[in-house]
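Please consult the sequence and structure shown below.

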Amino acid sequence: MKPFATSFASFPARAAVGLAGIVLAASLLTACAGLTQGGGGHDPEVYPNLDLRMGTPEDNGQADLLYELLVGEIAGHMGELQVSLDHYLRAAKRSDDPGVAERATRIALFSGDREKALPAAQRWVALDGDSLEARQVLAAMLVNDDQPDAAVPHLERVLERMEAVEGDGLGLLVNILSRAQHGAAAVKAMEQVAAKRPDDASVQLALGSLALQQDQPHAAVAATERALRIDPDLREASVLRARAIQRTGDREASLQAMEDLVERYPDDLDLRVNYGRLLLQEERFADARTQFEAVVAERGDDADMLYTLGLINIEMEQYSEAERYLEQLLKIGQRAGEARYYLGRIAELTGDAQRAVDFYEEVDRGEYRQESMIRAARLRGEMGQVNEAREALTRLRETSDNPRLQVETYLSEAQLLRETRDYRAGMELLDKALESHPDHLELLYARALMAERLDRIDQLEEDLNRILEQDPDNPAALNALGYTLADRTDRFEEAYDYISRAYEQRPDDAAIIDSMGWVLYRLGRLDEAESHLRRAYGKMEDGEIASNLAQVLWERGEREEALDILEAALERDPDHERLLRLKERLNP
């Protein structure tokens, strides 16, 4: 079924009128070719609800029809769709030309007036019963109007015609009904079509496919099982049944069904692919890998399978195997950008930063290019090539008109400057970023953290409060503001309120638990403080959490444990400023 027009001018106007001169007259005559006074073409037995009757005795014949068509066309071109529709509907009553009814139908659909579209489509079919398109449109409307019984005769005519011409019409029927807004009615209509072909497995398979598309998996299972009773070797029905079972929520039964199929048809690689995908959805990576490896053994240049195996092995931390598959992709010259990106990720994960940079910088197009450039710049920064990293990020930012990417490059560059403790340069950068992207939450948050490093608590408060003005329950802003007030001021009660609001939202977040422990310590509630800080440290052995826990333990007289925690944290992060300050204070 062809799509409906997207503008009035683009409507097919086979029988419509033009707007001027001879063209107008000729078009109108064409449109009126079937005009009768008696209302021919309407079969009241077939279309009992049809409300479009032909003209009455007082009609003025062709002149009235010409008037309706002319006004309808002009109104349409002026954007007055409802006026156009009303006139075209009256014209459709008067004319036996199916083109007029077709145009009335299309205008009604285009204007969203489905109530008027239905009788117009019925008129269209009444005048041109051989039109497949008219019957498709009418069937779809009847289904959407929850009239599946009325739609069935038209679906059957479409099916018969398509089978006579092309040998198969089930695909078209499924296509029509799968787009119906009333899914239950669509399935019910197809069930009636299928019921008249009790020995046809393919129609049951089509019904199963439709039911699954209309989110009725139980109906799909039933249909595929009927298909298999008719034709036990119908492989598509077996596969669809397994998928439908999965949609019912019975995943184990679905997997068992697919496993049985693979055992029954071990040479069917498509079955293995489907089974492997189901296994992936269940996160059974090793089992999925076995299926995909069997496929690659037969189809060594299957890029999708090689790529999937690469990712599965990364997930399983089998990096050598992952590299083997990704490098195979490079050899066959397919999905090269994705392969280089993931080879870069593997190099990063295995600690080979330069190799990672090399792979990232070879990604010259595709969806991973920008992320690859950002990662390469960040790694260059970590390797001490700060200027090169900043230049790369600046180039990427200045050559992109994507606001999201521009923000990402600012954030990456700011993080780089923060890690190298060039806080003033970071502040200048974020000031510039916020001039281009004012009130951007992530940039405000990044500047607040940078301001804290420069002891500009007033700037930190201003930025975090700007975030909270836009997003009052933002847990990151609440936590950062509360923690800073607890750590850097004596506004402990105010800090406690902010942190409590963050804690209510994320009671298992190690950073927020740490903040709660720290503000409780500052409020003198040492038992509660120690409890929270131990819990936070158990979740994440972060340097800041370690320093806070060590401080509290020291205050409580548990000095040996405090020093042990401090030393262990410094072994992991020997340059951590807060840990170094605490060590100097506790054990000078």
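Does E561 count as buried, partly exposed or exposed? At 29% relative accessibility, E561 counts as partly exposed, where buried means under 20% relative accessible area, exposed over 50%, and partly exposed in between (1.4 Å probe, protein chains only).

This is a predicted model, in which local features need pLDDT of at least 70 and side-chain atom pairs count only at pLDDT 80 or more, while totals for chains, interfaces and linings use all residues. Residues are numbered from 1 along each chain as its sequence is written, and side-chain values use heavy atoms, with hydrogens and water left out.

**Total**
- The structure holds 57 salt bridges, each being a side-chain nitrogen of Lys or Arg within 4 Å of a carboxyl oxygen of Asp or Glu.

**R534 and E561**
- R534 and E561 form a salt bridge at 2.8 Å, N to O.
- R534 belongs to helix α29 (residues 526-539) and E561 to helix α31 (residues 559-572), so the pair ties together parts 27 residues apart in sequence; helices are DSSP runs (H or I, at least four residues), numbered from the N terminus.
- Salt bridges with shared partners join D527, E530, R534, R556, E558 and E561 into one network.
- R534 is partly exposed, at 33% relative accessibility.

**R375 and E371**
- The closest N and O atoms of the R375 and E371 salt bridge are 3.1 Å apart.
- Both residues lie in helix α20 (residues 369-382), 4 residues apart, and are therefore separated by about one helical turn.
- R375 counts as buried at 17% relative accessibility, whereas E371 is partly exposed at 34%.

**D200 and R197**
- D200 forms a salt bridge with R197, with the closest N and O atoms 3.9 Å apart.
- D200 is partly exposed at 21% relative accessibility, and R197 is partly exposed with a relative accessible area of 21%.

Conventions: Helix = DSSP H or I, 4+ residues; strand = E, 2+ residues; numbered from the N terminus.
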